[in-house]
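Please consult the sequence and the structure shown here alongside the text.

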Amino acid sequence: MTTPSPDTSTPDAPTWPQEAAARYRAAGYWQGETFAEMLRTRAESHPDRIALTDGDRHWSYAQLHTRAMHLAAGFADRGIAKGDRVVVQLPNVAEFFEVIFALFRIGALPVFALPAHRETEIRYFCEFTEAVAYVVPDRHAGFDHRDLAAKVRAEVPTLRHVFVVGDPGEHTALTDVPLSDTDLKAEEPTPSDLAFLQLSGGSTGVPKLIPRTHDDYIYSLWGSNELCGVTKDSVYLVTLPAAHNFPLSSPGSLGILHAGGRVVMCPQPDPDTAFPLIERERVTITGVVPPLALVWTEAGATTSYDLSSLEVLLVGGAKFSEAAARRIGPALGCTLQQVFGMAEGLVNYTRLDDDPETIVTTQGRPISADDEIRIVDDADRDVPEGESGHLLTRGPYTIRGYWRAPEHNARSFTADGFYRTGDIVRRTPTGHLVVEGRAKDQINRGGEKIAPEEIENIILGHPSVHDVSLVAVPDDYLGERTLAYVILRGDAEPLKSVAVKKFVREKGLAAYKVPDLVEFVTAFPQTGIGKISKKDQRTIASAPQA
Ligand code: AMP
Ligand code: DBH
């Protein structure tokens with residue numbers, strides 16, 4: 001094994017070795033542009049074109065740029081500076097982009113929380129990143145984010161500001177922050193600086209944070225645009241939560257803004273909300289997870305809305321079944337594009353001109369000719385071509401390490417910098433990847449990733465619980481659901497399933513992490529060396545009941 005060459009790593013995270021960085025620059029992948037420059041140059045070249053539509057609000061590129069720069073000046077005036085972390089938890093509203101481009105300009109790092117996250121996750125993000133600010137909506141989906149913010153602010157000493165989109169309550173309204181003096185003195189970040197921290201679905205007790213640079217992420221945007229047919233005439237519907245890596249970058253809202261197209265915010269992903277927007281805004285492209293694709297397919301077959309503008313539907317985040325994939329074209333009248341991506345980097349797409357069988361039977365091939373793919377056995381030896389094995393990858397937009405996580409990094413990356421994706425894949429003769437399974441202890445609930453360890457640790461805190469193991473069980477709609485096997489303490493009163501679910505919910509966690517099923521057992525199946533055999537538990541759970 002070769003020794004890694006000296007790299008440009010920061011104290012917070014390893015980055016690419018200098019030799020690789022030089023190669024990616026020379027190849028033209030890293031173009032030396034920052035997100036602030038990206039927006040500025042677009043606003044200069046086509047100021048009046050609409051960048052964002054949110055309900056009846058339409059912001060041109062010039063307006064988005066001006067708003068973001070005024071907000072950047074306001075943030076800077078309040079002491080938010082280059083390198084500071086800001087937890088951003090916004091639903092699909094135009095202000096999401098105003099906020100992140102303001103932070104990009106200053107060089108402060110958005111930490112992309114999802115609207116579903118609750119106290120446990122938010123406190124962790126704020127504490128772990130030593131965040132100085134937290135940006136929230138007032139209320140969303142029946143939940144008051146201001147109360148949560150007040151609680152977290154009282155607990156996390158670094159958190160100096162809470163900014164609210166809407167009625168601020170005791171906090172600061174986002175509309176009170178901008179300064180119209182845009183003569184920002186704050187130092188601009190450079191293209192190789194970190195731009196933000198994205199979240200990993202994870203397989204460990206706490207989520208890991210993914211450090212992405214301007215250079216590497218912007219490459220993934222224009223690389224995606226070329227493969228997804230994105231141009232200045234594209235209209236992208238942000239159907240999934242805007243901060244998630246898929247709708248953000250594959251090709252996502254930021255890809256569309258890179259191309260000078262138009263981004264339309266969709267407040268809810270259901271057909272009753274999305275279809276009228278597709279008709280009214282003449283949406284050409286969007287991305288959904290498999291369960292949503294099923295719902296859209298069913299609704300699309302009989303809808304009275306005109307979906308004829310829709311050219312491409314990306315489906316990814318979890319394995320899309322071949323049978324469901326075959327129904328997309330007939331039901332929705334668009335081209336299916338499968339996408340197998342990860343916030344850590346590597347993104348694979350079926351090509352729009354792939355033959356129809358390849359589109360429905362594979363999860364695509366990498367964006368870049370310089371995405372290195374290895375498929376290996378348990379001892380990291382390459383498997384024979386066409387056989388399945390662990391997917392390892394390295395390339396111009398795949399991170400070399402998580403943020404402030406040296407122990408994880410030693411496990412999640414090889415010594416020569418390949419990311420261990422935890423996915424089991426095989427490669428077809430055309431270079432397309434087929435996802436065959438997963439080696440990591442993670443549950444993929446319709447594209448929402450759950451780290452069993454995180455939930456197990458919470459359930460273990462219940463006074464009646466002796467031990468717990470969370471596994472995936474197959475589900476027709478979501479692909480997988482969660483089942484918690486619980487062993488009660490010898491002296492504990494019997495417990496009901498709902499009590500376990502309630503216990504998790506009351507800890508303040510994203511609702512999708514509450515176990516779908518709970519089963520009480522007296523022992524767990526064991527592996528040869530006495531560890532819990534989750535494999536056996538999954539097999540038992542999915543066996544037909546007698
Ligand atoms: P994350 O690392 O949290 O961004 O989640 C990425 C993971 O989602 C991948 O490593 C896969 O396990 C899973 N994934 C994403 N897209 C697909 C897909 N099209 N088919 C199967 N699994 C997928
Ligand atoms: O699941 C993912 O994380 C994902 C799926 C599709 C992703 O990050 C992406 C495309 O970029």
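The following paragraphs describe the ligand shell and then the aromatic contacts.

The model is predicted. Around ligand 2 lie His244, Asn245, Phe246, Ser250, Gly317, Val339, Gly341, Met342, Ala343, Val347 and Lys449. By residue class, this shell comprises five nonpolar residues, five polar residues and one charged residue. Two secondary-structure elements, helix H8 (245–249) and strand E16 (335–342), each contribute at least two residues to the shell around ligand 2. Strand E16 makes the greatest contribution, namely three residues.

Oxygen atoms of ligand 2 take part in polar contacts with the protein, including those in the table.

| Residue | Polar atom on the protein side | Distance to an oxygen atom of ligand 2 |
|---|---|---|
| Ala343 | polar backbone atom | 3.3 Å |
| Lys449 | polar side-chain atom | 2.8 Å |

Ligand 2 exposes 290 Å² when taken alone, and the protein buries 95% of that area.

As to the aromatic residues, 23 aromatic pairs are found in a search of the whole structure. One aromatic cluster is formed by Phe35, Phe96, Phe97, Phe101, Phe104, Phe112, Phe196 and Tyr217.

Arg118 is positioned over the face of Phe143, with a distance of 3.7 Å to the ring centre. In the case of Arg374, the charged end sits over the ring of Phe418, at 5.9 Å from the centre of that ring.

Note on methods. Residues numbered from 1 in each chain as written. Chains lettered and ligands numbered in written order. Predicted model: local features only at pLDDT ≥ 70, side-chain atom pairs only at ≥ 80, totals over all residues. Heavy atoms only, no water. Near = heavy atom within 4 Å. Polar contact = N/O pair within 3.5 Å; in protein donor to acceptor, adjacent residues only side chain to side chain. Areas by Shrake-Rupley, 256 points an atom, 1.4 Å probe, with all protein chains shown as cover. Helix = DSSP H or I, 4+ residues; strand = E, 2+ residues; numbered from the N terminus. Nonpolar A, V, L, I, M, F, W, Y, C, P; charged D, E, K, R; others polar. Phe/Tyr/Trp six-rings, centres within 6.5 Å; stacked < 30°, edge-to-face > 60°. Lys NZ or Arg CZ within 6 Å of the ring centre and 35° of its normal.
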